[in-house]
Amino acid sequence: MSISYAPAGKSGKWDGALDWLQMLSGVSLILFMWCHMLLVSSVVISPNVMNAIAHFFEATGMAQVGGPLIFLVFLTHFVLAARKIPFRADGQKTIWQHARMMRHGDTWLWVVQVVSAMIILVMGSIHMWVILTDLPITAAKSAARIQGGFWAVFYLILLPLAELHVGIGLYRIGVKWGFVKDKERPKFKRSENMITLLFVGIGLVTLVRFLFLSIN
């Protein structure tokens with residue numbers, strides 16, 4: 001019986017290509033998250049502003065095409081990242097033990113990113129499914145959803161988790177791909193923490209605006 005195998009060099013090239021795709025999909029999702037947050041937060045200025053922006057995306061077909069495309073990138077990114085996530089109990093135990101033993105900040109960031117990714121996969125999928133199956137997007141619809149109670153709690157959990165995951169992801173991309181040098185890590189990490197807090201703050205203000213928005 002003959003046994004076929006992939007040469008180490010070829011395997012390494014594939015891993016490198018998949019890492020590159022993971023980085024590109026991650027950056028795309030980070031940019032989308034920030035743009036999405038800013039566009040939705042336009043309701044703070046006026047519901048009419050948010051409705052006008054949503055209407056533009058509807059009229060140009062960007063919502064109908066872009067929404068499913070983002071969902072596909074979202075799932076692809078998770079599959080690519082899952083290559084390095086231990087799903088077996090023994091692997092998870094080993095990672096946890098190493099993280100505690102090493103007491104290395106960046107290692108703990110990876111652990112937090114993995115845990116948050118699992119939760120975001122479920123909650124993010126639910127969010128996108130609800131939005132994409134209830135087009136067009138309007139300020140009144142969003143407000144009614146938030147004022148229902150369940151979704152307010154849902155987004156109070158998803159919002160900080162998503163922004164935390166995005167912040168850690170941007171930091172790790174910068175470090176892994178050499179955009180951030182060793183001596184620049186502390187400064188970059190502080191800047192990223194401030195950006196994360198800024199977007200969490202924007203998200204909370206937006207949620208409060210939806211809670212008190214008249215939908216009559």
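Student: Is glutamine 113 buried or exposed?
Tutor: This is a predicted model: local features need pLDDT of at least 70, side-chain atom pairs count only at pLDDT 80 or more, and totals for chains, interfaces and linings use all residues. Residues are numbered from 1 along each chain as its sequence is written, and side-chain values use heavy atoms, leaving out hydrogens and water. The cut-offs are under 20% relative accessible area for buried, over 50% for exposed and partly exposed in between (1.4 Å probe, protein chains only). Glutamine 113 has a relative accessible area of 12%, so the label is buried.

Student: Which residues does glutamine 113 touch, not counting residues up to four places away in sequence?
Tutor: A contact means heavy atoms within 4.5 Å. Glutamine 113 lies in helix α5; helices (H or I, at least four residues) and strands (E, at least two) are DSSP runs, numbered from the N terminus. Beyond four places in sequence, glutamine 113 touches His165, Ile168, Gly169 and Arg172.

Student: How far apart in space are glutamine 113 and leucine 164, C-alpha to C-alpha?
Tutor: In sequence, 51 residues separate the pair. From C-alpha to C-alpha, the distance is 7.9 Å.

Student: How many helices does the protein chain have?
Tutor: Along the sequence the pattern reads α-α-α-α-α-α-α-α. There are zero strands, and the number of helices is eight.

Student: What relative accessibility does serine 142 have?
Tutor: Serine 142 sits in helix α6. Leaving aside neighbours within four places, serine 142 contacts Met50, Ile137 and Phe210. Serine 142 counts as buried because its relative accessibility is 10%.

Student: Is leucine 204 buried or partly exposed?
Tutor: Leucine 204 lies in helix α8. Leaving aside neighbours within four places, leucine 204 contacts Leu156 and Leu159. The relative accessibility is 37%, so leucine 204 is partly exposed.

Student: At what angle do the axes of α2 and α3 cross?
Tutor: Axes are lines fitted to C-alpha atoms, for helices over the stretch in contact, and angles run from 0 to 180 degrees between N-to-C directions. The axes of α2 (residues 47-59) and α3 come within 5 Å. The crossing angle is roughly 85°.

Student: Why is α2 called roughly perpendicular to α3?
Tutor: Angles under 35 degrees count as roughly parallel, over 145 as roughly antiparallel, 65 to 115 as roughly perpendicular and the rest as oblique. The α2 and α3 axes cross at roughly 85°. That angle therefore makes the pair roughly perpendicular.

Student: Which proline does a cis peptide bond join to leucine 135?
Tutor: Omega is about 5° for this bond. The residue is in the loop between α5 and α6. The partner of leucine 135 is proline 136.
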